[in-house]
Amino acid sequence: KYPSGKERQRASRIPSQFSQEERVAMKEALKGAIQIPTVSFGPGEFNTTALAEFGKYVRKAFPAVFKTSFIQHEVVGEYSHLFTIQGSDPSLQPYMLLAHIDVVPASDQGWEVPPFSGLERDGFIHGRGTLDNKNSVMAILQALELLLVRKYIPRRSFLIALGHDEEVSGANGAQKISALLQARGTQIAFIVDEGGFILDNFIPNFKKPFAMVSVSEKGSINLMLQVNMTPGHSSAPPKETSIGILAAAVSRLEQTPVPNTSGNGPLKKLLQQLANEFSFPTNIVLNNLWLFWPLVSRLMERNYIMNALARTTTAITMFNAGVKENVIPSVAQATVNFRIHPAQTVQEVLELVKNIVADDRVQFHVLSAFEPLPVSPSDDQAMGYQLLRQTLQSVFPEINIVAPGTCIANTDSRHYVNLTTGIYRFNPIYLQPQDFRSIHGFNEKISVQAYENQVKFIFEFIQNADTELERASHQHEL
Ligand SMILES: CC/C=C\C/C=C\C/C=C\C/C=C\C/C=C\C/C=C\CCC(=O)O
Ligand SMILES: N[C@@H](Cc1ccccc1)C(=O)O
Ligand SMILES: [Zn+2]
Ligand SMILES: [Zn+2]
């Protein structure tokens, strides 16, 4: 008898077991990637030598990916990479995996090991990009390479898009790839990008790690504040100077946070989902947020990460004024970066900010802005979300909470909103608060085990995406 879809699938399933040589090769490949300093310094300022070298490096590290006939490789915007893996069943809508090649700068100062050394120490690979985001770049290609070596033929087509300028907005990488795909009329079932983790020890009194799949992402405003006054001799200063006025304005902004809007965002849902995991009395409190929300949100604000999830944040990031010790400067400028909570809009935040500053002498210039990203579905029918859940179950059986959340930073995925309604930001990596601080900070590192698990996760994920039909029809039978 001809095997049913399910039996056929089981027979062709490739176990995610890697040989000793493969395991060594995969960690060495990551180390080599870390050693290439693909730094984005500022808008339009990249280490192009390193980016070019990185392109050569992946060709060497993943030969099967580059020579397989059903994989098309394209370089976009000079240094970004788009792979199209043609599945055997063209009736299935493709999905897309994202990661970025570039990293933020790092100097040796403050690091235990040089940030571009890729040194392995005590079971950890150290360096800039080990969590953000060369781990994902390499793990995606590595998982695909290992599947190809095992003669795996995907059924569902998928794309891999690796941007080279995510850290400076993605205008040359992700944005161009997205434009290319839109011009081709490509429809994407869902996208998986960075921006969520298995969170471990982030919530006080909550020891159980849980997977936070970010279904939205905060918006952003870069606002330049400027004060112009008449310049003059410092020997006879006026009562107020451009610097003084501007300093007072940014100080008011810092002292007066934009109101907490978390009552209307995914955070409340997340806490409700976690409620029964807490012991008394927190469980009672979280099960009755209609009553306790004011208390809970006040408590959350004390923690700077929770605060970032709860509201639009205000960060003063640049302050420039003055040219000489004895000259009263005419111009003072400051830049403030707001990260907008999904329940607010750019316009609302700008109104609030003008009211907080409340000084007509301060001019506002919006340098750049975008709205918070739409919330992707996380219900039973949401294929991308359910595939992540399913894969988590098999690779991390100890994790029994998967919850939708918000990414407090921004990712390349926001350039693809026209291609799909399902954008999921999640990397299958345990993250503790100190690891979170290492992202863009000092001593970024990943354990060899965690990296292997990430490869394993993607290896399983690709196969799960191919058996999604069986899973879905099986569900309907129940
Ligand atoms: C009730 C909620 C409980 C806990 C949530 C706590 C903390 C969440 C913290 C961090 C996770 C959120 C977003 C990840 C942020 C940054 C890293 C990911 C992408 C960064 C993008 C980039 O800079 O390249
Ligand atoms: N991903 C980085 C850089 C970035 C900022 C703003 C928009 C796009 C990208 C961040 O969130 O800080
Ligand atoms: Zn990143
Ligand atoms: Zn980053």
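Visitor: Which element gives the largest share of the shell around ligand 1?
Guide: That's α8, with 3 residues. Keep in mind that this is a predicted model. In total, 21 residues surround ligand 1, and the closest are G195, F202, I305, C407 and A409. Two elements give two or more residues to that shell: α8 (266–274) and α11 (304–310).

Visitor: How do you know which domains the shell around ligand 1 draws on?
Guide: The shell takes at least three residues from each of domain 1 (5–203 + 374–477) and domain 2 (217–370). As for the kinds of residue, the shell divides into 14 nonpolar, 3 polar and 4 charged.

Visitor: What makes up the contact between domain 1 and domain 2?
Guide: Their C-alpha centres lie 32 Å apart. The contact takes 15 residues from domain 1 and 16 residues from domain 2. On the domain 1 side, strand β18 (residues 402–407) gives the most, with 5 residues. That side of domain 1 splits into 8 nonpolar, 5 polar and 2 charged residues.

Visitor: Why is E254 called partly exposed?
Guide: Let's count. E254 has 13 other C-beta atoms within 10 Å. Exposed would need 12 or fewer, and buried would need 20 or more. The count of 13 falls in between, so E254 is partly exposed.

Visitor: Where does E254 lie, and what is it in contact with?
Guide: E254 lies in helix α7. Leaving aside neighbours within four places in sequence, E254 is in contact with T314 and I316.

Visitor: Why do we say the buried residues of α12 line one face?
Guide: The buried ones are V349, V353 and V357. Looking down the axis of α12, they fall within an arc of 65°, so they line one face of the helix. Here's the general idea: an α-helix has 3.6 residues a turn, so residues three or four places apart point the same way.

Visitor: What covers those buried residues of α12, and which exposed residues does the face turned away carry?
Guide: The cover includes β12 (219–228), α7 (242–255), β16 (331–340) and β17 (362–370). The face turned away from the buried side carries the exposed residues Q347, E351 and N355. And just after α12, A358 takes a positive phi of about 45°.

Technical notes: Residues numbered from 1 in each chain as written. Chains lettered and ligands numbered in written order. Predicted model: local features only at pLDDT ≥ 70, side-chain atom pairs only at ≥ 80, totals over all residues. Helix = DSSP H or I, 4+ residues; strand = E, 2+ residues; numbered from the N terminus. Arc of directions from axis to C-beta. Contact = placed C-beta atoms within 7 Å. Domains from an automatic or database assignment. Nonpolar A, V, L, I, M, F, W, Y, C, P; charged D, E, K, R; others polar. Near = placed C-beta within 6 Å.
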